[in-house]
Each structure stands twice: as C-alpha cells, then as structure tokens.
Amino acid sequence: MNSKLAFYIVKRVLLALFTVFLVITITFFAMKAIPGGPFLSEKSPSPAVTAQLEAKYGLDKPILEQYGTYLSDVLHFDFGPSIKNRGRTVTDLILEGFKTSGMLGLEAAGIAILIGLALGSLAAVFHNKWIDKIIMVLSTGSVAMPSFVIATLLLLAFCVWVPIFPPNGSTSAGLVLPVISLSLYPMAYITRLTRSSMLDVLGQDYIRTARAKGVSPIKVIFKHSLKNAVTPVITYVGPMIAYILTGSLVVENIFSVPGIGNYFFSSIINRDYPMVMGTTIFLATLMVIMTLLSDIAYKIFDPRVDLS
Amino acid sequence: MKKKTASMPKKNPLSLQLDISKFEKANDEEKFLQQRMRESTTFFKDGMRRLAKNKLAMTCLIIVVFIVLIAIFVPMIYPYSYEQQLGVTAGQSVDSSYNNLKPFEYGETELKRMEEGESIFPHIFGTDSHGRDYAIRVIYGTRISLIVGFFASIIVLIIGAIYGAISGYYGGKVDLIMMRIVDIIYSLPDLLMIILLATVLKQTLTPVIEGTGLEKLGVGMISIFIVFALLYWVGMARLIRGQILTIKQQDYVLNARSIGAKGGHIIRRHMLPNCISVLIISTALQIPSAIFTESYLSFLGLGVNMPMPSLGSLAAEARSGIFTYSYRLIIPAVTIFLIVLSLNLLGDGLRDAFDPKLKK
C-alpha cells in the first residue's frame, strides 16, 4: 500500500467520522427545536406530571448539558428508552428491526448487482441490437417511478389481480415483492452503468488483441471485459445501500414488514423523538460507512484513479 | 491622391510599392464569392439544431410542453375546483352521493338537474372520498408537482452556480475551504436529513408564517424548498466548479482580467454564460429528482398541505382505497411516470446536443 492511498484512506475516515458527528448534532438540535416536546399528545398530562417526566428523562437540564449526555450515550450505543413503546429501549428496537431489514436490504442489493451486471453486459455485447434496446427501455422506464408507487402497483398486481404472493411481508414468501420493489431502481441504474463502462472497455485495444489471438468470446467477456468494467459499479454500492435503506422506509410500510424502516415510519407519525433520533443516527452511520468502504474499494481496485 | 496614383510609373518588380491593381473595385463575380452562403451559427443555435434532429427528445419536449400547458390553463376554465367538495354546501353535507363516484358517474343532485335539461360537465375520473372532482385534483396536483420541481431546481441552480463559480474562480484557500464544506454536506445522507428537517420545519414554521402571504403556499412546500436550498445544491456546485476551473484557463478570461475587470464581472459576464449548457442540462435533470423527493415526503405525510394536492400525495392517498379504486393510484402514477421519463430523456437529449465533448 503506498502512502498516497494511506493518506486518502485516513482523510476519508476522518471525513466520515466528522459526518457522523454532524448527523448526531443536527438530529439532536433539530429535535430540540420542535415545540411541545415528546409528551404533548391529545390527552396532555398535568404540568406536575410533565415536569416529573422531564426530570426523569433529563429534559429539564440546560441544552448543552443534555447534548453532552446524549453524545456520550450514543457513543455507548445507548439511544435511551422509546417513548411510545413502553419498556423497550430504542437500541433494542433498532437491533430487532435490523435483523429483518438487513436481510431484506442484502437480498435486494445482491439481486440488483447480479441482474444489473448481467443485463448491462448483455446490452453492451449486443450493442444497438433489439436486445440492447429492450433492456435500455426497461431500465429507463423503471427509474421514472417513485418506489412507493412501484411497491403499491406490485401489491395490486401480484396480491390482488393475480394473487401469487401474500400481501404481508412477515413471512419469507411475502418478502419477494418488497425485495423486487427495492431492487428495481438500483438494478436499472447498475444496468446503465455497466452497459456504458462495458462499451468503453469493449472498444479498448487489448480486447481486440485478445479476440485476434483467438480467445473464446465468453472468456473475453468475463475475464477481459467484465473484470475491468465492474469498477464504476463499486462506487455505486454506497449510494445504493443508502437508497435501499431509505426506500425500505416506505416499502416496509406498504408490505407491513416488521423492519427498522417500518419502526422509523411509525415513529415519525407518532412523534416518538428518541426513536426518530436513534434510527436516523443508526441509518446515517450505516450509509456513511458503506459509502466510505465503496470509495476506498474503488481506489484499491482501480489504480488508474487519480488520488490527488 | 487619385491623380498621383494615376501618374505613377510602371511597377518595378523589386519595388516595395503597392500593386495598384489590388485596389480596383471588385466586379460582380468577385462580390458573389464574398457572399455568405448561410448565416453563421451560434453555439446555442447549433445545439438547438441538433436537438431538433433528435426525435425521441423532441417527442419528450412536446409531451412536457403539453403537460405544462394543461397544468397551467385547464384549472382556469375547468368547472370544478380542486378543493370544492361537491356534496357540501356552506360547510353542511347535503348530498353524500357525491363521494367516491366512479368515472363518468354523477351525484344525485346533478342527475336531477340533468333531468331538468341542464348540461353538466362529467367527472372524467370520478370523485374522491370527500366528493372532490378527481380529474381536476390530478391536473392541479400536476401543477403543484411541476412548481415544486421547477422552483426547487431554480433554487439549486442559483445557489450551486454562485457557490461553485466563486470557489472555482478564486481557487487556493478559498476553494479548499468551500469545497470541504461541500464534501461534508455531500456525505450527509440526504433523504434522512430531509425527513428530519421536514419534520422539524413543519412543526416550527406553522406559527411563524401564520397570517402572511406564505401561509397559502403551505408549510410543506416551504420546507421542501428550504431543504433543497440547504442540501441539494452541492452536486451543482461541484459541477460548476469543475467547469469554471477549465474556463479559467481561457485567454478571454486573462484578457478581461488584464484590462482590469473585477472578479464578479468576469464570473457573471464571461464564465457563467460559457457554462450555460451544463446549467441547462443539470437543471432539466434536477426537476425529476425534486418531484420524486416531494412525492416521497408526501408519502410520509410531510409533503404539501391538505387540501392542496400533489401527484405524490394523490398517489399516497389512493393507497387506502387501493382495492376498490385502483385507478386513483394508477392515474397519478402514470402522470408522474410520463413527466419524469420525458424530462429524463429530454435532459439526455440536451446533453447530447450541447455537450461539446460529444460533438463529432
């Protein structure tokens, strides 16, 4: 590993750490800016009870002191108790929800990458043939609809009109549609990305050389081209994870998957502030880490990239 | 002078005297050769010519213009309004038969009036659960979505262009600091931050704008604009900075500077006009993303305020009656699809037409 790369990694890690810190700070002060506080609901408790509740949760202290306490709590992965789910801590709920959401996200990401790479290479190999055109039309069309609309239309098509899948996402058969609706957009994006970088690679001299010396077409595509064309896709992995995580917010709600996105959705509606803060920070950290990893991987895999 | 020329001696081959024949009047044939065969083309005209050749992009342009015209003019002449509950008079529900009409059905009062010989404009897409004409809600929702998309992109354009241009032009430490700020904002997970900010702004802004002209616009829409102004300009700033860095090397910039032009003047008069193609293309591609973000926020209940519709909020609302009234989801969904697809393809077409790097 050369020193330039090491310097780059250190720089990126510092930026990532600072970003996470910034997210925590923004989240904390944003939540404090909301008037009313978390105990304000339809049947407000008496002022005495509110005061006692505030004392219990430390909300009566000066704001900077609260901020300090919150920072140290977050560092210990302690997001405090959930206000609407009595007796559960936010950390507890996040971990529980993440088991389902993590699976869902991984499956969606895996499918998006595999099918995206396959379709993209297919389109590039058959450049300007009908197969290329069909793939391009499909991939252009599927990025033109918001994920919740796609999810609802899938629900309508495959649970109501042609009832193949259960509309409830708590079983494994029910996870098929959520995975499809989450993976469609990144899949289309990866297809386009792969296609253009494949086209670029296929025009290179070394591909012509390989063909000229009689390497089989399959080997040219997989060994010589795809390996080199895959690097731009690596940079997309970070943003893709971010898309899938935020997309899961709505998709999990539509298919009632008991995941972290669903908890987040209901905590926004219910104004469960510790839960909103905890989930935001958790998801944001996850996204920042994934972006960091994919950026570093890109620099390692593609030595041509200028590090300056 | 004339006299002197005429009396000039015959030209010596080695003399440096001017050849008089070169000063003769041009005859018609020579004049014809000097004529410009066609108008000289500008960069903009050249791009537009290439865009006009692109059939796909032109079709998309026509679709966009068509949708925009409908969204602007139809609500002016349409007999129903987007917030008018047909079965309700003066806050009293008088005829509940207006609620949830299927397409081309009429409410009971309307049927009576039609028997009396009155002609009544049909409810093309029926009505919603509050008895509001759905067709006008979709059209008005299109207008709102387009407004959100357009103004959000303009905000992004202005902030991004100014920031990027200053950073790129001044370079050095200024650039370093400004770009670090961009890096940090860029690495924030934007949708999560938007949800957070929209939640907070919705709560805090409501009392602030009460009674002012902004109230009519609605907290939801204002918070979307604020969020875009805070977070979404960084991509544009990076793009413009890159452009400015290359333009900065051009001789006309050096020339302008040498005759004493100020930085602001050079940026405004020389540099930004030369980034115009990048500005147009990325603004065209920004609109769909703004429409998406708005619909996403509408789904979470953080979008435009009721009863004002947007395509996203219409689609989100339609989910509750999805099994009986599936067309209420499909109509706004198709409209979003058309707008976003056309704008994306148009943006691609503009890039092909205006990006000099792709020029043959």
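**View 1. The fold of chain A in a predicted model.** From the N terminus on, the elements of chain A run α-α-α-α-α-α-α-α-α-α-α-α. That comes to 12 helices and 0 strands. Helices (H or I, at least four residues) and strands (E, at least two) are DSSP runs, numbered from the N terminus. The model is predicted: local features need pLDDT of at least 70, side-chain atom pairs count only at pLDDT 80 or more, and totals for chains, interfaces and linings use all residues. Residues are numbered from 1 along each chain as its sequence is written, while chains are lettered from A and ligands numbered from 1 in the order in which they are written.

**View 2. The C-alpha trace of chain A.** Along its principal axes the trace spans about 85 × 60 × 25 Å. Of the 308 residues in chain A, 39% are buried. Buried means that 20 or more other C-beta atoms, placed from the backbone, lie within 10 Å of the residue's own.

**View 3. Helix α8 of chain A.** This helix covers residues 205-212. How many of its 8 residues are buried? The count is 0, so α8(A) is hardly covered. Gly214(A) follows α8(A), with a positive phi near 90 degrees.

**View 4. Where chain A touches chain B.** The contact takes 34 residues from chain A and 34 residues from chain B. Two residues are in contact if their C-beta atoms, placed from the backbone, lie within 7 Å. On the side of chain A, the largest share, 9 residues, comes from α1(A). That side divides into 26 nonpolar, 8 polar and no charged residues. Ala, Val, Leu, Ile, Met, Phe, Trp, Tyr, Cys and Pro count as nonpolar, Asp, Glu, Lys and Arg as charged, and the others, Gly among them, as polar.

Definitions and conventions: A residue is buried if 20 or more other C-beta atoms lie within 10 Å of its own, exposed if 12 or fewer, and partly exposed in between; C-beta atoms are placed from the backbone.
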